[in-house]
Amino acid sequence: MFKILRAEHLAENIVLMDVEAKRVAKACQPGQFIIVRLDEKGERIPLTIADYDREKGTVTIVFQPIGASTYQFANLKAGDSFMDFVGPLGRPSELTTDDLEEVKKKKILFVAGGVGTAPVYPQVKWLHEHGIDADVIVGAKTKSLIIMEDMMKEVAGNLYVTTDDGSYGRSGMVTKVIEDLVAEGKQYDLCVAIGPMIMMKFCCLTTKKLGIPTIVSMNPIMVDGTGMCGACRLTVGDEVKFACVDGPEFDGHKINFDEAMKRQAMYKTEEGRALLKFQEGDTHHGGCGHCGGDK
Amino acid sequence: MEGLKRVPVREQAPKVRAANFEEVCLGYNQEEAVEEAKRCLQCKKPLCVQGCPVAIDIPGFIGKVVEGDFAAAYQILSDSSSLPAVCGRVCPQESQCEGKCIRGKKGDPVSIGKLERFVADWAKENGIKPKKADKQNGKKVAVIGSGPAGLSCAGDLAKWGYDVTIFEALHEPGGVLTYGIPEFRLPKDAVVKPEVENVKSLGVKLETDVIIGKSVTIDELLDEEGFSAVFVGSGAGLPMFMGIPGENANGVFSANEYLTRSNLMKARLDDYATPMPVSKKAVIVGGGNVAMDAARTALRLGAESHIVYRRSEAELPARAEEVHHAKEEGVIFDLLTNPVEILTDDKGWVRGIRCIRMELGEPDASGRRRPVAIEGSEFEIEADAVIMSLGTSPNPLISSTTAGLDVNKRKCIVAEAETGKTSKEGVYAGGDAVTGAATVILAMEAGRAGAKGIHEFLSK
Ligand SMILES: Cc1cc2nc3c(=O)[nH]c(=O)nc-3n(C[C@H](O)[C@H](O)[C@H](O)COP(=O)(O)OP(=O)(O)OC[C@H]3O[C@@H](n4cnc5c(N)ncnc54)[C@H](O)[C@@H]3O)c2cc1C
Ligand SMILES: Cc1cc2nc3c(=O)[nH]c(=O)nc-3n(C[C@H](O)[C@H](O)[C@H](O)COP(=O)(O)OP(=O)(O)OC[C@H]3O[C@@H](n4cnc5c(N)ncnc54)[C@H](O)[C@@H]3O)c2cc1C
Ligand code: SF4
Ligand code: SF4
Ligand code: FES
């Protein structure tokens, strides 16, 4: 069993947890993910590592309740446990494994969309600890969905917050901010975009136009996370890759996003049913406000 | 002549079992087992033993069954096999022990597998457990993977007093026995779990959710965690795809994914959270045991189930019993047929599969006649699920994170057959990780060989 030491609702629909998982905490690197399973009947849910404390032996996850399983997770409190918590999975971000001197020469822009702020954080923090200040754009639909702003401010070079509805920070989608920053005279050698697939797709279209190489962190449907099932396969250039072992980070300009988004929606109706069953069978107290698991 | 026919084994009727996941074969009861055992001629030079990869004393254990001394029969099995309840069910007997049995020259061979299964099940029902070591020797050994190779290696080492820990990447132990082979052939609660419990009862520790090469490396186990030796039994879990257009469409699965959802994640049961694809017509590409398992699983989940295989029936690599069972249950075989493209609808879902007819040409390197496409014979099969069962290869996770561990060009770990010794000191390996996808009995045997190798190494 893997004990939850902290459970906090960061925003109306975003939850952060510190989970005790000594082996993962010892071995993990920014860019990697874990797979977590609630109980005997639970499914295996992949979540990116949002932070870790090697001394305490804890790993931080941040997630958005969108389906039956993540809603169940959102109801857990400090002191509760997950049955399984396995990792670290996937390859570390190349920024942390490439030659540091080379990385230092680059101007890097991170683009975080919604809950994607969480996986961006450990990378920016790692770079900061190694003397590199990266610029970060954090975007969300509206003010109440902006998370981890203070934490990010401490480790980012410049932090640009934006909301789609203009309720906070700059106004407009992250893609607009990328264009604005470049128009304002900023130059970037590398962009790392993490968030919903649709957001990563449009970031890539933008950065391609601007000639900025871009890394994305793909989140397809997964089962084992070790290369055994192939559920997570993606088309990258003209090759088929397994996101769990070859990724999750890839050259965003080579990803076939349309295929990836279709694959991600594979269980939509079925999962919608599972969510309904879960919500009807249980008093729903996630406080999420919108129960359209089928969004 | 008397005794030409084997005592028939009771099975669930095909129509009934095609709609449930209960075990197909019900096995012999005591009277039936004794009667079948009596058919054994107790050969002086038993050919059957030559056919068994672990050379079980077959006439020996069958003789004890005739006497009704099942405990003694179990002892004889245990001397050569640590998983008789499993092997009795899944060994390809027709090409191994039973394929050689002299009785088979004229009439049916003795049902060695069914007798082995009977004895092992009897032992379990009667609470016979392997004996724990009297004394611990204090030496720690790590075993990677809890499939047949890892379980048997761990079991032997524990019996000799070693302090053994098995590390398993998944949340359940058992390897393919748990995630791959379906319930209706190998019941999990009744057969696989008790085998794992037996190994644990010897004092073996089991840490699930640990991926060697990711959570911790082999070098860390040896240098930091105090293990004196490591056995790698990590299997051959990477699925292959054909590389044809449309293969990433929704509704195209590897057999590993399909079977893992059904078996390990229990997605076929309503109260488990993992979703299972619902399909009306499933096409399974391939002709091995894995393909049969996927086809029969799809059938049980309500689909019309087709096997598409590019050679003819004679070349089907699956066990004869599985092919026979699949046909009885209603799986349709489209032989000498090869997929060339997967067809999709505008939402990205599979709607069919374009195939080409094949004919058999000259024998190839494997001695089997090579299938050649018949030009202009392309046709379409409608389908809403396609399950690729084309074989698997070893996962490079361990080899790529362990300096000094040699692999061959198929990514299989290079190890000596008799001892499991690899190119890296203190590291032993066996099972599918070394041979590529093979059989349970060979993996089990390799696990035992590895245990011997490690024992010699640590006794020096
Ligand atoms: C490597 C990786 C890292 C991830 N990191 C995070 C993270 O840090 N925080 C976080 O909130 N989420 C993350 N995800 C996504 C997360 O795994 C899914 O949100 C989760 O599996 C949904 O499970 P569920 O049962 O609650 O919802 P489901 O009922 O399974 O799904 C609800 C809806 O979401 C869609 N869906 C299913 N799987 C995914 C998926 N993998 N991604 C997006 N939509 C999906 C379904 O089509 C359905 O419409 C990550 C995914 C991967 C593969
Ligand atoms: C569907 C199917 C049907 C089959 N039917 C038959 C049959 O009827 N008869 C027969 O004889 N054989 C059959 N086989 C083949 C047989 O199951 C295998 O040959 C046998 O299980 C191999 O045993 P193993 O111990 O080497 O590996 P596996 O059984 O594959 O076990 C390996 C274990 O190691 C774990 N592992 C892998 N990497 C790591 C890591 N890095 N860290 C920790 N753990 C790790 C895996 O999760 C797995 O649990 C079938 C195989 C399949 C897939
Ligand atoms: S282990 Fe397999 S091959 Fe050997 S006797 Fe038993 S069933 Fe036959
Ligand atoms: S070959 Fe057949 S008849 Fe002879 S000992 Fe073996 S099982 Fe008995
Ligand atoms: S999740 Fe199974 S291979 Fe990637």
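Here is a quick briefing on chain B and the way it meets chain A. Keep in mind that this is a predicted model. Chain B and chain A bury about 3500 Å² between them, and the rule finds 4 salt bridges across their interface.

**Chain B by itself**

- Chain B is built with 17 helices and 18 strands.
- With a radius of gyration of 23 Å, close to the 23 Å that the globule rule gives for 460 residues, chain B is as compact as a globular protein of that length.
- If you want rough dimensions, the C-alpha trace of chain B spans about 70 × 65 × 50 Å along its principal axes.
- Of the 460 residues in chain B, 59% count as buried.
- Take the contacts in chain B between residues at least 6 apart in sequence: 68% of them join residues at least 24 apart.

**Where chain B meets chain A**

- Chain B puts 47 residues into the contact, and chain A puts in 43 residues.
- Of the area buried between the two chains, 50% is on carbon and sulfur atoms.
- On the chain B side, B:D209, B:K214 and B:N248 lose the most area to chain A, and together they make up 19% of what that side buries.

**Polar links and who supplies them**

- The interface has 21 residue pairs in polar contact.
- One salt bridge runs between B:E225 and A:R23, with the closest N and O atoms 2.8 Å apart.
- Strand 7 (238-239), strand 8 (252-254) and helix 13 (255-262) of chain B each supply at least two residues of the side touching chain A.
- Helix 13 of chain B gives the most to that side, with 4 residues.
- By type, the chain B side splits into 22 nonpolar, 12 polar and 13 charged residues.

Notes
Residues are numbered from 1 along each chain as its sequence is written. Chains are lettered from A and ligands numbered from 1 in the order in which they are written. This is a predicted model: local features need pLDDT of at least 70, side-chain atom pairs count only at pLDDT 80 or more; totals for chains, interfaces and linings use all residues. Side-chain values use heavy atoms; hydrogens and water are left out. Contact means heavy atoms within 4.5 Å. Buried area is the accessible area (1.4 Å probe) that two parts lose on being put together, summed over both. A salt bridge is a side-chain nitrogen of Lys or Arg within 4 Å of a carboxyl oxygen of Asp or Glu. A polar contact is a pair of N or O atoms within 3.5 Å; within protein, one must be able to donate a hydrogen and the other to accept it, and residues adjacent in sequence count only if both atoms are side-chain atoms. Ala, Val, Leu, Ile, Met, Phe, Trp, Tyr, Cys and Pro count as nonpolar, Asp, Glu, Lys and Arg as charged, and the others, Gly among them, as polar. The radius of gyration is taken over C-alpha atoms; the globule rule is 2.2 Å times the number of residues to the power 0.38. Buried means under 20% relative accessible area, exposed over 50%, partly exposed in between (1.4 Å probe, protein chains only).
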